[in-house]
Amino acid sequence: MSARGTLRIYLGAAPGVGKTYTMLDEGNRRAGRGADVVIGFVETHGRGHTAAQIGDLPVVPRKVVQYRGSRFEEMDLDAVLARRPQIALVDELAHTNVPGSGPHAKRWQDVETLLEAGIDVISTLNIQHLESLNDVVQQITGVAQQETVPDLVARAAEQVELVDMTPEALRRRMAHGNIYPPEKVDAALGNYFRPGNLTALRELALLWLADRVEEGMQRYRELHGITGTWETRERVVVALTGGPEGSALIRRAARVAARTAGGDLMAVHVSRSDGLAETGVAALESQRLLVESLGGSYHSVVGDNVPRALLDFARSVDATQIVLGASRRRAWVAALTGPGTSATVTRLSGAIDVHMVSHDYAGRGRTLPSFGHGLTVRRQLGGVVVAAVLLAAITPILSSVRGHVTFPSAVSIYLLVVVITSLVGGFYPALGAAVVGSLLLNYYFVEPIHTFSIARGDNILALLIFLLIAVLVSRVVDVSARRSALAARSSAEAETLSALAGSLLRGEQALPALLERVQETFGMRSVSLLARDGEAGASWAVLATVGSDPPQRPSDGDCTAEIDETRTLVLRGHPLPAEDQRVLSAFAAQVAVAYQQRALAEAARAVEPLAESERARTALLNAVSHDLRTPIAAAKAAVSSLRSADVSWSDADRDELLTTADTSLDRLTDLVTNLLDLSRLQAGVLPVLAGPVGLDDVVSRALDHAAPASPDVDVDVDVDVPADLPAVLADAGLLERVVANLVQNALRYAPAGSRVRVAGSEHAGHVELRVVDHGPGIAPGDAETVFAAFQRRDDAPVAGTGVGLGLAIGRGFTEAMGGTLTAEETPGGGATLVVRLAAADGAR
């Protein structure tokens, strides 16, 4: 049986990037080196450059299939297998075969058959046809892909090469007619081949291929047993303990990662296998948020040996650098306990660079948690009762049968009593039971009987061992109980903070929502956020509150959390234990952020109208200084000349002067109308009567009002608005003004002899109208600036260019009707203005 063939795929972000051309070029290159290459199937789509690449390559005849009265051509799989070439070129891997054309429904299945037969295959694939990206592509482009390829097939290919092209270059290739016929170019540019679509598809292709390259590198390293670091790019790992120095370490690591393009930042916390952390989750949670805000990722691993767990993680992600904080242990502690985590990681890091970062907490020691009992007082009392009952019951029984019970057996029975007591009441009741039990053993079972004297030395040793074992067992049980309680407490805190983080991710950052969550979490009757009022701070102002009978002063509450010098969070309901203060502090910090965000938003909203008004006033004065004075002066001059008695005007001269005055007053009327429209838009009082409107009728009426800026300029308007296009939900009058303004703007800047195109199309429940010109276009970065009021090209008043309100009013009218108006670059030069409105359901 022959060895399986190899698969090479040329991957593209969109049709037209040159996948088939590149595949044929590779086929010619291999044929020139003596390989037996045949074309199993290639689709040139009528592109001359691609067809020319076929050259002298042998082509296996296609199979002709009749299906539902139509004629189709498919790859003849049997013929390719019979030909048995070394290499077969098979285009369009995602293609669906016509029923009856062969044994398989999909072309990728045909390719699998060729590979099993030992034939190498070179094929092509677009990123939108990958199964895992199907829904993403549909969301981006609005087009559902019916033909898909399982990712496993593409990932199994021995080679995947990206045929890349920038969106701008691809759109230029489209505009030049190198991809689709001329009659399909405008529709394609306005639909699938939009700049945003192409950019997103290109990013998907690059990311998918980058992941595959990363997988390939990891497989190679595993196959060859390579554990050392390969510095393909900087990957910085910062180790976090949950201590106060964590924020400084994260920021330092972020700066290290940012020094090189594409650097990765990863934070890792090593948890003990018993699930207990040295610090609470609140600090780690805030550090996780900081890492993610800086573009990094947060990881948590489990390991009792912290240095080795940290290094294992760093090597698993191929880290190049590790950032550690200087030890917080005091010098005498380090001398007694030996090298700490930082020193051990540095010694064992190998090729990974280790950065030791000093901080304010280095060498100051760790704050020990306060000692607390793991068992309740009630349970400890229960242990005392159990010990008393058991000792009182067992001692008489053992004493009565003393001649039949040996001393070691009695020790074991009393030890069992101590263990039972420790399980019920913890350390202190068990310790008491051990002491009492040792005295009872001495009194009843050690010679001389009924005295506390001990005659034999081995009995002394036995009693001491009994007491020691009882104490140790009691201590172990007590520690386990306290750790169990601490673990339960930590779990509850983690769940609470996780719920808080989830609410923030879901956008529940409004101040009332956070206060309600505080109220629910701690079971309070009411919660208030208070601020000191006045310089002396004697009175308090309520900033926000939830619940019944909210506290008005800190003294009114049962618990308080001070946010800063002026603000305090006050809870009323019941006192909180000290353990809950840590979680409450996390809530208080987030409440402070939410209040500050609300205050900033309110301040911004208060200032925005003033700033906008000032900007509009300044722009208006600048515009009026030229555009109002010019038509007034022209009209005034014409009328004054007609009224002059010193000059005898001919009929032709009189008509010319009247025309000048009429034209100037028309310009003045248009300017005043636009200013009034802008004023209504800014005031939010523009009346909109929306209803189903036929776009073809609106365009026809709007063109009656549009004319070139100069009668000497020869510019025609081509209209491609199908009559069966769905009606749009709009105000007919406003929409007509929008179209007229856009066409007038295109005519104003279109060069002589060019054509302005007005085209309509439907996309996923919306209708788009595109006004395309080939003028000077829009400078990069000015796609939004052109819609500002009083904005003209190069910001200079030019005769016939208007006051710069047309596009601003067009966008305002469009948005008032629930649509959008955006600007794009026209392939080959120029600007394309796109009006997007909702389609009226059922209206045509």
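User: Why is E161 called partly exposed in this predicted model?

Analyst: The relative accessible area of E161 is 33%. Buried means under 20% and exposed means over 50%, with partly exposed in between; E161 is therefore classed as partly exposed. The residue belongs to strand 7 (residues 159–163). E161 and G12 lie 149 residues apart in sequence, and their C-alpha atoms are 8.7 Å apart in space.

User: What makes strand 21 (residues 766–772) largely enclosed by the rest of the structure?

Analyst: Six of its seven residues are buried, so strand 21 is largely enclosed. Buried here means under 20% relative accessible area.

User: How do you know that strand 20 (residues 755–763) and strand 21 pair?

Analyst: Pairing requires at least two bridges between the strands. Seven bridges join strand 20 to strand 21, so the two count as paired, and they run antiparallel. One of the contacts is V758, whose bridge partner in strand 21 is V771. The two strands form a hairpin with two residues between them, and A764 in the turn has a positive phi of about 50 degrees.

User: How do you know that strand 21 also pairs with strand 23 (residues 831–838)?

Analyst: Seven bridges connect strand 21 and strand 23 in the antiparallel sense, and at least two are needed for pairing. In strand 23, L833 is the bridge partner of V771.

User: Why are R251, R252, R255 and R259 called a patch of positive charge?

Analyst: Arg counts as positive, and a patch joins like charges within 9 Å, from residues with over 30% relative accessible area and no salt bridge. These four residues gather in such a patch on the surface. Among them, R255 is found in helix 10 (residues 246–258).

Note on methods
Residues are numbered from 1 along each chain as its sequence is written. This is a predicted model: local features need pLDDT of at least 70, side-chain atom pairs count only at pLDDT 80 or more; totals for chains, interfaces and linings use all residues. Side-chain values use heavy atoms; hydrogens and water are left out. Patches are made of residues with over 30% relative accessible area and no salt bridge: like charges are joined within 9 Å, nonpolar side chains (Val, Leu, Ile, Met, Phe, Trp, Tyr) within 5 Å. Accessible areas come from the Shrake-Rupley method with a 1.4 Å probe; for residues, only the protein chains shown count as cover. A salt bridge is a side-chain nitrogen of Lys or Arg within 4 Å of a carboxyl oxygen of Asp or Glu. The place of a charge is taken as NZ of Lys, CZ of Arg, CG of Asp or CD of Glu. Helices (H or I, at least four residues) and strands (E, at least two) are DSSP runs, numbered from the N terminus. Buried means under 20% relative accessible area, exposed over 50%, partly exposed in between (1.4 Å probe, protein chains only).
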